[in-house]
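Here's a quick briefing for anyone meeting this chain for the first time. Have a look at the sequence and the model, then read on.

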Amino acid sequence: GIDLVVLNLYAFEATVAKGSDFETCVENVDIGGPSMLRSSAKNHRYVTIATAPSQYAELIAALNKDGCTPYSLRKKFAAAA
């Protein structure tokens, strides 16, 4: 099964804010990402969801230490998601 999801959503708001053309804005609409994020967070008992590069160091440290992530970290990351 899947026990780790690393997900960075498209930067839709930033794309629109910088005045990109319509086609570029449409290309930056994230279709599947939000569903993956939600399903991963809802299953945090078994799945770690990392949604920001700022989480990577803590994630890697946990994996290097124990080979897995503790429930407290999965819960913390799910709340951030």
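**The chain at a glance**

Starting at the N terminus, the elements follow the order β-α-α-α-β-α-α. Helices (H or I, at least four residues) and strands (E, at least two) are DSSP runs, numbered from the N terminus. The radius of gyration is 15 Å, well over the 12 Å that the globule rule gives for 81 residues, so the chain is more spread out than a compact globule. That radius is taken over C-alpha atoms, and the globule rule is 2.2 Å times the number of residues to the power 0.38.

This is a predicted model, where local features need pLDDT of at least 70, side-chain atom pairs count only at pLDDT 80 or more, and totals for chains, interfaces and linings use all residues. Residues are numbered from 1 along each chain as its sequence is written, and side-chain values use heavy atoms, leaving out hydrogens and water.

**Overall build**

- Along the principal axes, the C-alpha atoms fill a box of roughly 45 × 20 × 20 Å.
- Of the 81 residues, 26% count as buried (under 20% relative accessible area; exposed is over 50%, partly exposed in between, with a 1.4 Å probe and protein chains only).

**Cores**

- The largest nonpolar core has seven residues: Val5, Leu7, Leu37, Ala41, Val47, Ile49 and Ala78.
- A second, separate core of five residues includes Ala50, Ala62, Leu73 and Phe77.
- A nonpolar core here is a set of buried Ala, Val, Leu, Ile, Met, Phe, Trp, Tyr and Cys residues joined through side-chain atoms within 4.5 Å.

**Helix H5**

- Helix H5 covers residues 71-80, and Leu73, Arg74, Phe77 and Ala78 are buried in it.
- Seen down the axis of H5, those buried residues fall within an arc of 135 degrees, so they line one face (the arc is that of the directions from the helix axis to the C-beta atoms).
- Ser72, Ala79 and Ala80 are exposed, on the face of H5 turned away from its buried side.
- Helix H3 (33-42), E2 and helix H4 (56-66) are what the buried residues of H5 pack against.

**Threonine 48**

- Threonine 48 sits in strand E2 (residues 48-50) and is buried, at 1% relative accessible area.
- Leaving aside residues up to four places away in sequence, threonine 48 touches Asp3, Leu4, Val5, Leu59, Thr69, Arg74 and Phe77 (contact means heavy atoms within 4.5 Å).

**Cysteines**

- Cysteine 25 is buried at 11% relative accessibility, while cysteine 68 is partly exposed at 42%.
- The disulfide count is zero, a disulfide being a pair of cysteine sulfur atoms within 2.5 Å.
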